[in-house]
Amino acid sequence: MTSPVDPTGTPAWAKLTELQQNLEPDLRSWFAEDPERAKSYTFTAADLFVDLSKNLITEEIKQALLDLAEQVGLTQRVEQMFGGQHINVTEDRAVLHTALRAPQDATVEVDGENVVPEVHEVLQRVYAFAEKVRSGEWTGVTGKPIATVVNIGIGGSDLGPVMAYEALLPYKQDGLEARFISNIDPTDNYLKTHDLDPETTLFIVSSKTFGTLETLTNARLARTWLLDGLTASGAISGDDDSRKEAVAKHFVAVSTALDKVADFGIDPANAFGFWDWVGGRYSVDSAIGTSLVVAIGPENFADFLAGFHAIDEHFRRTPLEQNVPALIGLLNVWYSNFFGAETHAVLPYAQYLHRFPAYLQQLTMESNGKGVRYDGTPVTTSTGEVFWGEPGTNGQHAFYQLIHQGTRLIPADFIGIANPSHPLQDGDTDVHEVFLANFFAQTRALAFGKTADEVRAEGTAEAIVPARVFTGNRPTNSIMAPALTPSVLGQLIALYEHITFTEGAVWGIDSFDQWGVELGKKLALEVTPAVEGDAEALAQQDSSTQSLINYYRSQRQ
Ligand code: F6P
C-alpha cells in the first residue's frame, strides 16, 4: 500500500489557495457573461441529471480541483478499492461493497478468490426467503402468515434498511409492513411491538458483528415479548420445545458472525451471511437489506442493486472531468478546506426521502470524521463535513434563513424528482409543480441573491433595506431524477458513497474504519454497574458522572 500523499503539499493545493484568495465570487455575472454556464457544468450519471453550475467555481478552479485529484492519486485509489486491495488498513480488510451489486458474471477477487458467486448465492437465499414470507408460505408457529417484519439493528444495520423502506413505500406489498427497532431506549422496543400480534410477527436480527449491545438487548426483549405473548394466549404450551419452535419460525438473522447467531438460538438455516469486506454503513445492499427485500420483493431489490452498479461503473470508468461523484467530492473539499465550510446540507424535495439525510450522516461522518491518515500520521487539513438536512419545503420554514442570510457558508445539495409518487391536484394546480418551483426558486435565490437596489425598487423603507438584501453566491448542487424508483434510490446512495470516497482519498484517510465509536461503547459497559447502584463502581467515576448518576438514582421510582 502506498503512503498517502499530503494534499496540502501538492502544486494543485497551492494553486487552489491562490485562486481562492483572489476569487471574487459573482454567480450573477458569471451566468450573464456565459450563457452556456449551466450546460458546461451539467453532467449525467445513469439516470441522474446533475447541475453543478451554481457553485463558486470557474474553469480554472475546476481544472485545479481535477489536478488535485490526480496529484493525490484518486484514480489509483478507486482501482485499489474496486480491485479488492486492503484499503481499510486499520482493520486489514478489502472494501468491496461494490461487489454486492456486481452482476452474476462479474469477477471481483478478494485475496485471490472471486466473491461474486458467493454474493449471488446469499442473494438467492434471501430472495427465496422473502418470496416465502410474501406468499404466505412462511408462517408463524400457529400457521398464520406474517404481517409484520421487524428489523432489529443499529447504525448501518438499521439506517439503510429503514431509509430505503421509507423511500420505496409505494413498492411495498399490501398487507406486509416493516418496522425497525434500533435504540436501546426501551421506548423504541415498546413502541414498535406493543400493538403487534406475536403470531404474525417475524424478527430479523441484523448485526454484522452480532455483538452490538443495543441489538442483542433488543433481540432478547423481542424474544421475551414473542414467547410471553404466544404462551399467554395459549398459542404455544411454553415448554422448551414449543419455545424453540417459535423462535425458529419468528426469528431470522443477518450477520458475518454465524456462530454467534446459533448461540442466540436462531437456526443457522435461517441466517444470511455477509463478509468482513462490507462496512456496516455500506451494507444496505447486502443481506442487511433483507427486511427491504421482504417488503418490496426480489425484483425491485434487484433493480435497486442495478442502480448502485450503474453509478459504480460511472465512477470507475468516467474520466474525472465528467465524473459526477468525483466532481462533487472535489467541490466538497473546495468548500471545506478553502472556504472553511463546516457543514453540508442535504435537502431532498421528496417526502419519501425524509430519512436520507440521517442515512448520509452515518455514511459520511463515520467514514470521514478522522484525525489521522491511513498510515497513522495526523491529517494535514480539516476533514469530514457535518451532514444534515430535512426534506423541502419543511426546511424552508425552519433553517433556510441561516443558509440564505447567515454568516456561514453552507453548501447544499438539492435533490428533486420529476415525477411525483402521488400526483395531486389543488383545483387547476398540479401541486408537484408548485413543490418543484420551490426547489428551483431556492437554488436561484441562494445563487443570485437580491441587491439593495432591487430591494429599494420594491418600495422598501431605507432603514430595513440591509435586512432584506441577499448576498447570493451561496453554492448548491442540483440533483434530479425522473422518478423515485428502486434503481434511482440505489444510484443516489452509490453517488454519496463515492463522493465520500473521493473526499477521503484527497485527505488520505481510511474512510472505512470507525474506532471513534468504540470508546463510548466500552465506557457505557463500565458505567452500567454504577448506574445500577454499585457503590464501588460509582466511586471510580469522575465527579460530574457521579453527580449525574446520583441525580438519576434519586429521581428513579
Ligand atoms: O456505529 C458503529 C458501528 O460499528 C457501525 O459501523 C455499524 O453499522 C453499527 O455499529 C452496528 O454494528 P453491527 O452491525 O455489528 O451490529
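**View 1. Phe 470 and the residues that it touches.**
Leaving aside residues up to four places away in sequence, Phe 470 touches His 404, Gln 405, Ala 445, Gly 449 and Lys 450. Two residues are in contact here if their C-beta atoms, placed from the backbone, lie within 7 Å. The model is a predicted one: local features need pLDDT of at least 70, side-chain atom pairs count only at pLDDT 80 or more, and totals for chains, interfaces and linings use all residues. Residues are numbered from 1 along each chain as its sequence is written. Phe 470 sits in the loop between helix H19 (465-468) and strand S15 (476-481). Helices (H or I, at least four residues) and strands (E, at least two) are DSSP runs, numbered from the N terminus. Buried or exposed, or in between: where does Phe 470 fall? Phe 470 is partly exposed, because 17 other C-beta atoms lie within 10 Å. The cut-offs are 20 or more other C-beta atoms within 10 Å of its own for a buried residue, 12 or fewer for an exposed one, and partly exposed in between, with C-beta atoms placed from the backbone. Ala 447 is 23 residues from Phe 470 along the chain, and their C-alpha atoms are separated by 9.5 Å.

**View 2. The domains of the protein.**
Domain 1 is made of two segments, 9-71 + 319-507. Domain 2 covers 100-298, and domain 3 covers 516-555. These bounds come from an automatic or database domain assignment. Taken over C-alpha atoms, the centres of domain 1 and domain 3 are 42 Å apart.

**View 3. Positions annotated as "active site" in UniProt.**
The unreviewed UniProt entry places this annotation on Glu 366, His 397 and Lys 521. They are spread over 156 residues of sequence, and in space by up to 36.8 Å between C-alpha atoms. UniProt positions are given in the numbering used here, feature names are shortened, and annotations may be inferred rather than shown by experiment. His 397 lies in the loop between strand S11 (386-388) and helix H16 (400-405). His 397 counts as exposed, because it has 10 C-beta neighbours inside 10 Å. Lys 521 belongs to helix H21 (residues 516-532). Lys 521 is exposed because 12 other C-beta atoms lie within 10 Å.

Thr 393 is part of the loop between S11 and H16.

**View 4. The crossing of helices H4 and H14.**
The axes of H4 (residues 59-72) and H14 (residues 324-338) come within 10 Å and cross at roughly 100°. Axes are lines fitted to C-alpha atoms, for helices over the stretch in contact, and angles run from 0 to 180 degrees between N-to-C directions. H4 and H14 are therefore roughly perpendicular to each other. Angles under 35 degrees count as roughly parallel, over 145 as roughly antiparallel, 65 to 115 as roughly perpendicular and the rest as oblique. Which residues make the contact of H4 and H14? H4 contributes Leu 65, Leu 68 and Ala 69, while H14 contributes Ala 326, Leu 330 and Trp 334. By class, this contact has six nonpolar, no polar and no charged residues. Ala, Val, Leu, Ile, Met, Phe, Trp, Tyr, Cys and Pro count as nonpolar, Asp, Glu, Lys and Arg as charged, and the others, Gly among them, as polar.

**View 5. Positive phi at Ala 46 and Asp 92.**
Ala 46 is not a glycine, yet its phi is positive, about 50°. Ala 46 is placed in the loop between strand S1 (42-45) and strand S2 (48-51). Ala 46 is buried because 21 other C-beta atoms lie within 10 Å. Phi of Asp 92 is near 50°, again positive in a residue other than glycine. Asp 92 is in the loop between helix H5 (74-82) and S3. Asp 92 counts as exposed, because it has 8 C-beta neighbours inside 10 Å.

**View 6. Glu 109 in strand S3.**
S3 spans residues 109-110 and holds Glu 109. Glu 109 is partly exposed because 14 other C-beta atoms lie within 10 Å. Not counting residues up to four places away in sequence, Glu 109 touches Gly 84 and Asn 114. Gly 83 is 26 residues from Glu 109 in sequence and 6.9 Å from it in space, C-alpha to C-alpha.
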